[in-house]
Amino acid sequence: MRQAIAVIAGILLALLCIASLLPLVETDTWWIRYLDFPRMQFAAGIVLAWVIMAALGGIGHGAARWLTVLAIAALAYHGWRLWPYQPMAAKMDPGTATCAPEDRISVLVANVQRSNRQAEEVIALARAQDPDLFLVLETNGWWDEALQALDADYAHHIQDIPSDATYYGMHVFSRHPFASSEMRYPFGADTPLFDGVLDHPAGQIRVFGLHPRPPHYFQPSTLRDATMLQAAIEARDETRPTLLAGDFNAAPWERTARRTLRLGELVDPRAGRGPMVSFDANSWWMKWPLDQILWSRGLAMADFAVLPGIGSDHYPLRADLCLAQAPGQRLVPMHEDDPAEAEATLEKARAMRDDAFDG
């Protein structure tokens with residue numbers, strides 16, 4: 001029996017290691033890209049499987065040795081990817097900014113989950129947090145009606161509920177007016193990208209609200225990746241401070257997410273503070289940070305937090321920022337191949353759009 005359990009642990013160890021290393025492949029194949037999410041779980045599983053295998057006597061000296069080497073390689077890869085998102089890593093923003101109320105902007109992001117009916121929790125959250133900008137995701141007709149309670153609290157309200165992508169409605173509430181605003185559908189995607197210029201009293205801020213589709217069931221990551229990269233490129237070219245906020249459906253340690261940071265010259269508040277998971281609020285093991293608030297130079301962090309649940313499968317996020325330069329803010333340097341790799345992704349997304357149009 002001991003030998004049988006050791007063999008099972010060894011097989012599980014091998015599978016976990018292979019699944020861990022497959023994302024090294026530069027591909028947008030959905031099931032490979034999905035393996036980017038559970039890195040913390042894979043790492044814990046590898047350690048547990050190896051301990052069980054070793055404690056029960058292994059599965060033969062040669063096989064155990066090679067499995068150990070494979071486990072070390074997989075753990076090293078996980079460690080490299082996860083390192084920026086644990087407390088000993090360097091912070092991208094020290095989070096010590098202070099400013100007068102008129103120079104401050106608070107941002108709240110909540111994926112409310114379309115099937116969730118706890119609208120009173122969301123309304124109470126908005127009123128308790130009292131953010132300047134509230135981005136609500138995964139809304140539909142039912143949520144549109146429920147969220148009308150916030151119209152009295154916010155003078156400015158923009159929304160889009162796609163007729164086809166019914167899990168990707170988006171509502172944007174703001175205390176300040178927008179000099180411009182639109183819901184874009186980049187690369188022919190059926191999910192909206194909010195693009196607005198916020199007229200804040202301390203200066204204009206470019207705002208992108210993102211909720212692209214995840215890699216999921218024969219759905220490649222191409223449009224998700226291209227949407228993130230396009231927003232990053234526009235943020236980099238923008239002279240005004242810029243915010244990217246929403247449910248990116250990408251973990252921050254994933255290849256495209258890191259390239260988004262570098263290309264956009266953006267700050268990730270999770271760096272040096274831990275993963276701060278925002279999904280899945282209803283699962284004990286499926287935990288990773290999908291929801292993001294990123295910003296460019298010209299914005300400095302006073303606070304960032306993952307908030308308690310609201311009946312959704314996502315936890316809300318809040319960031320408090322000052323419209324000011326942040327001493328000690330650290331950006332991730334761009335890699336030499338980032339522009340070319342991003343352009344290849346964008347070109348592939350354009351080709352998908354053109355093929356859909358021709359069809």
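**Close-up views of a predicted model**

**View 1. Cys99 and Cys322 are joined by a disulfide, with their sulfur atoms 2.1 Å apart.** A disulfide is here a pair of cysteine sulfur atoms within 2.5 Å, and the structure holds one. The pair links distant parts of the chain, since Cys99 lies in the loop between α4 (61-82) and β1 (104-111) while Cys322 lies in strand β11 (residues 317-322), 223 residues apart; helices (H or I, at least four residues) and strands (E, at least two) are DSSP runs, numbered from the N terminus. This is a predicted model, in which local features need pLDDT of at least 70 and side-chain atom pairs count only at pLDDT 80 or more, whereas totals for chains, interfaces and linings use all residues. Residues are numbered from 1 along each chain as its sequence is written, and side-chain values use heavy atoms, with hydrogens and water left out.

**View 2. Tyr34 and Phe37 form an edge-to-face aromatic pair, 5.2 Å centre to centre and with 70° between the planes.** Rings of Phe, Tyr and Trp (its six-membered ring) pair if their centres lie within 6.5 Å, and planes under 30 degrees apart count as stacked, over 60 as edge-to-face and the rest as tilted. Ring pairs link Tyr34 and Phe37 with Phe279 and Trp288 into a cluster.

**View 3. Arg117 lies over the face of Trp142, at 4.2 Å from the ring centre.** In another such arrangement, Arg175 lies over the face of Tyr154, at 4.4 Å from the ring centre. A charge sits over a ring if NZ of Lys or CZ of Arg is within 6 Å of the ring centre and within 35 degrees of the ring normal.
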